[in-house]
Amino acid sequence: EGPQACTSHLAAKEATAVLIEYGAHKNARSSSVVFAASAAGAALLSFSGMMLVNVGGHLSELGLASLAPYAAAALFPAGLVMIMFTGTDLLTSNMMFTGLPFLRRMREKNTPARAALGEAAPPAAPELDASSDASPTANQPLSNAVRILSVSALGNLAASLGLALFATAAFSGTPAGAFGAAVAMKKCSLSLPMVFSRAIAANALVNTAVYLSLTANTTGGKVACVWMPIFVFVALGFEHSVANMFLIPYGILNGAEVAWSSALLDNLLPVIAGNAVGATVVGATATYLHHSPTEGKDEKKHGFSHATKAAGAPPGTCE
């Protein structure tokens, strides 16, 4: 049986298999690679943050402050698009990737229960793939998750702080500083239930964007898949921990009346917790609805893997 004809997108079941195998690849990297990828990813996202405060500042100066959230929402996804195509990292997507080994095992353990309810249980896969328990990191998923998330958070934070200092110097004397200060003060004044719930929603949308991007086989399709959920999250004012690692320090450096301890306790820590919940929701939904232990057999038969698809170059990819 030959390869399937080229299509512009993958079905949800195929995209979930891509997600699991690509996650296994991400989880198997060394700490130095995770740190470098995370620093690069946060730097790219910080450029979107700079665009947000500049556009917002200039619109506010023109008396059009009410348009700032929507203008920022239209432009902010550029950072996520750059991160996707460069293969760099954010803590928020690593939350989903590191959770996949646990969610995959839970889904596979549920197979006998499904059979008891009258559902056909899929046969065991005859060969192991990149996401199998034979991989070194899969045998210690908890310690590996702690390692990746800790290193990723440090890489994101280091680059975000550096870019906040850079932006403060680069845009000195412009409306961006005052707008950034106002953003930081607003973020650190939210109640705990509000900041936590907004953080859940933000990362559910961000990881939905990651998932949707894996369904697309064209560059334009991937860009559109990322743009839509990110537009929604920014327009609604949800809370993203890595974005806030740039925005809040930038605001403080530009006069926001926010203590560094408040930035950590009133925003970053509860936002990280909420982001983790949002990532888990997306990963759990995808694996519960669409994962099968046999996924990946057909691709191996044809000589390519889901990880190749995730990299954007499977046989028959639409150009």
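## Ser-189 and its loop

In this predicted model, Ser-189 sits in the loop that connects helix H8 (175–187) to helix H9 (192–215). Ser-189 counts as exposed, because its relative accessibility is 55% and the cut-off for an exposed residue is over 50%.

The side chain of Ser-189 reaches back to the backbone oxygen of Lys-186, at a distance of 2.9 Å. Ser-189 is also found 7.5 Å from Asp-266, C-alpha to C-alpha, although 77 residues separate the two in sequence.

## The chain as a whole

The chain contains 14 helices and 0 strands. Read from the N terminus, its elements accordingly run α-α-α-α-α-α-α-α-α-α-α-α-α-α.

The chain has 319 residues, and 49% of them count as buried. Its accessible surface amounts to about 14000 Å², with 68% of that area belonging to carbon and sulfur atoms. Among contacts between residues at least 6 apart in sequence, 87% join residues at least 24 apart.

## Salt bridges around Asp-89

Side chains of opposite charge can pair when their charged atoms come close. The structure holds 3 salt bridges. One of them is formed by the side chains of Lys-26 and Asp-89, at 2.7 Å from N to O. This pair links distant parts of the chain: Lys-26 belongs to helix H1 (residues 12–27), while Asp-89 lies in the loop between helix H4 (77–86) and helix H5 (91–109), 63 residues apart. Both Lys-26 and Asp-89 are buried.

The side chains of Arg-29 and Asp-89 also meet in a salt bridge, at 2.5 Å from N to O.

## The salt bridge of Glu-239 and Lys-187

Another salt bridge joins the side chains of Glu-239 and Lys-187, at 3.3 Å from N to O. Glu-239 lies in the loop between helix H10 (219–235) and helix H11 (241–253), and Lys-187 is in helix H8, so the pair ties together parts that are 52 residues apart in sequence.

Both partners fall under the 20% cut-off for a buried residue. Glu-239 is buried because its relative accessible area is 2%, and Lys-187 is buried because its value is 11%.

## Helix H11

Helix H11 has 13 residues, which at 1.5 Å a residue should span 18 Å; its end C-alpha atoms are 18 Å apart, and the two values therefore agree. Just after H11, Gly-255 takes a positive phi of about 105°.

H11 is mostly covered, with 12 of its 13 residues buried. The buried residues include Ser-241, Asn-244 and Tyr-250, as well as Val-242, Met-245, Phe-246, Leu-247 and Ile-248. Pro-249 and Gly-251 are also among the buried residues of H11. The buried residues of this helix pack against H2, H5, H7, H8 and helix H12 (260–290).

## Ser-48 in helix H2

Ser-48 is found in helix H2. This residue is buried, because its relative accessible area is 1%, under the 20% cut-off. Apart from residues up to four places away in sequence, Ser-48 touches Leu-75, Phe-76, Ala-78 and Gly-79.

## A nonpolar patch on the surface

Leu-157, Leu-161, Leu-165, Leu-253 and Trp-260 form a nonpolar patch on the surface. Together these residues have about 450 Å² of accessible area. Helix H7 (residues 141–170) gives the most to the patch, with 3 residues.

Leu-161, one of the patch residues, is found in helix H7. With a relative accessible area of 33%, Leu-161 is partly exposed, because this class covers values between the cut-offs for buried (under 20%) and exposed (over 50%).

Key
Residues numbered from 1 in each chain as written. Predicted model: local features only at pLDDT ≥ 70, side-chain atom pairs only at ≥ 80, totals over all residues. Heavy atoms only, no water. Patch = residues over 30% accessible without salt bridge, like charges linked within 9 Å, V, L, I, M, F, W, Y side chains within 5 Å. Areas by Shrake-Rupley, 256 points an atom, 1.4 Å probe, with all protein chains shown as cover. Salt bridge = Lys/Arg side-chain N within 4 Å of Asp/Glu carboxyl O. Helix = DSSP H or I, 4+ residues; strand = E, 2+ residues; numbered from the N terminus. Buried < 20%, exposed > 50% of the residue type's maximum accessible area, 1.4 Å probe, protein only. Polar contact = N/O pair within 3.5 Å; in protein donor to acceptor, adjacent residues only side chain to side chain. Contact = heavy atoms within 4.5 Å. Expected span 1.5 Å × (residues − 1).
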